[in-house]
2 protein chains.
Amino acid sequence: VAKTIQIGKSVFAANDDVAAANRKVLGEAGTLAINVMASPGAGKTTLILATAKALAPARVGVIEGDIAGDLDARVVESQGLPVVQVNTGGGCHLRADMIAAALPELPLSALDVLFIENVGNLVCPAGVALGEGRKVVVSSTPEGHDKPLKYPAVFREADAVVISKWDVAPYVGFDLEAYLGYLRQLSSSVPVFRLSARTGEGMSDWVSWLQEQVRTNGRSTTGS
Amino acid sequence: VAKTIQIGKSVFAANDDVAAANRKVLGEAGTLAINVMASPGAGKTTLILATAKALAPARVGVIEGDIAGDLDARVVESQGLPVVQVNTGGGCHLRADMIAAALPELPLSALDVLFIENVGNLVCPAGVALGEGRKVVVSSTPEGHDKPLKYPAVFREADAVVISKWDVAPYVGFDLEAYLGYLRQLSSSVPVFRLSARTGEGMSDWVSWLQEQVRTNGRSTTGS
C-alpha cells in the first residue's frame, strides 16, 4: 500500500508542475480556462455551447475530454468554435499533460475563455489540477439533491456550482433546500446558478459571473 | 510508466482472486449477486428498492458502495432489507476485497438476491470483478442517448441494461433509437429494460428477467 501511495504522490507532483506551466501559457495569452466537471449526461456540452453564444463578443474555445470518440467535439465545431478533442483512452479524468498537448492546437491569444470539459465523472477529476483559472461543477436536477453529500471532494473545490436542467426540476422531485444544505456544509460561499441551457432560464446570472471572472482574470493571475 | 502498469496488473490479478473467492461463497449460499453500475443520480437505490418489493417473496439484501456517507444504506434499512454500507474513502469503484469484508455481515443463506450498488461512475467500475453473478448497467433518460457511445467499456460487459427514469423521457428529449443504435454496436443481444421505478411502468419485464436469473443461478454456477 505504501508503495502505491508513493507512486500516486509522484504522479500528482509531476501533474502539478505541468499544470503550473499550463497556467503560465494561459496567463500570457490572457485566456481564462474553466475546468467543467460533472456526471455523465449532466449537460456540460449543451451548457458550454449556450454560454459561448451568450458571452459573445467574447471569444470562446473548448477542449473536449472523453474516454473515447469525438461526438462532443464535432458538435462544438459545428457551432464554429475552436475545439480540440482529448481522448483519455479509458482514463476517468483529464490530466495536465493532456491539456499541455492540446493548448498549442488552439488560437489562445484570440480566446477570452477556454472551457475544458472534463470526462463525465464526479469522483476522479477532483484534486487534479489542469492549469485552469476556475473550477465549475455542473450538477443536473435529475441526478438528485444528494450529490454534494455523496461526492464532496469535487464540490468542495468548486469556484462555482451550476444546477443544470432546472426546467425539469418539477418532474424529477429535486429538493433545492436539501441540496443547498449539503453544499453549504462543504463550501459556505460558493456561488450557485440554477439554469436551463435549453430554455435559457437563469443563464444571465451565470453569464454575468463569467464575465466578471474574465474581467478580473489578468488581475487575479498577477495577484496569485 | 512501465512500473505503474505492472503494479496495476498485479492489483487486478489479486482482485480477481478475491472475486473468485466471493463467487464461491455466494454460490454455496445460493445467492445471486448483481453488480449495479451507473452514473451518479441514475436512480440505482430507487430501482433496487422498487425491485426488492416486486421480487417478494424472494429475499433481497444490499451492499451500498459510496465514496462517503451512509445515506443510501439508511434508506435501504428503513425498508427492512439487510444492508451493509461500504465506503471507498475516495475510490471511484468497489473492489472485490470490499465485498469480501461485507459478505460475512449479511445473512447470505437467507438471501436469494444480493444487489451490490457500485459507486456512481460509468468509467471506473468497468473490468473490476466483485464476484457477482450478473452485471447490470443503469442509464437514466436525462443523461442522454449518447452514454453507450461515450462509456463503451461498462456497457460492453453488461448482462442487462436498464434505461431508468423512463417517465421523464419526453421532457428531456431522450432518443431511444439513437441509444439502441450505439448500444447494439457494443453488445448485439444484451436485454434492455425501459422503466420508471417511481411510477412502476416497465418494471414487470425487468423483474421477470431477474426471476429467471435467480431460477437459473444454481445451474449456471455449476456449469461455469
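Visitor: How many aromatic pairs does the structure hold over all chains?

Guide: Rings of Phe, Tyr and Trp (its six-membered ring) pair if their centres lie within 6.5 Å; planes under 30 degrees apart count as stacked, over 60 as edge-to-face and the rest as tilted. This predicted model holds 13 such pairs over all chains. In one of them, Phe193(A) and Trp209(A), the ring centres are 5.9 Å apart and the planes stand at 50 degrees, so the pair is tilted.

Visitor: Which parts does the pair of Phe193(A) and Trp209(A) tie together?

Guide: Helices (H or I, at least four residues) and strands (E, at least two) are DSSP runs, numbered from the N terminus. Phe193(A) belongs to strand 7 (residues 192–194) of chain A and Trp209(A) to helix 9 (residues 203–215) of chain A, so the pair links parts that are 16 residues apart in sequence.

Visitor: Where does Arg194(A) lie relative to Trp166(A)?

Guide: A charge sits over a ring if NZ of Lys or CZ of Arg is within 6 Å of the ring centre and within 35 degrees of the ring normal. Arg194(A) lies over the face of Trp166(A), 5.0 Å from the ring centre. In chain B, the charged end of Arg194(B) sits over the ring of Trp166(B), 5.1 Å from its centre. Trp166(A) also forms one aromatic cluster with Phe155(A), Phe174(A) and Tyr179(A).

Visitor: What pLDDT does chain A average?

Guide: pLDDT is the predictor's confidence in each residue, from 0 to 100. Chain A averages 91, and 92% of the residues score at least 70.

Visitor: What conventions apply?

Guide: Residues are numbered from 1 along each chain as its sequence is written, and chains are lettered from A in the order in which they are written. Local features need pLDDT of at least 70, side-chain atom pairs count only at pLDDT 80 or more, and side-chain values use heavy atoms.
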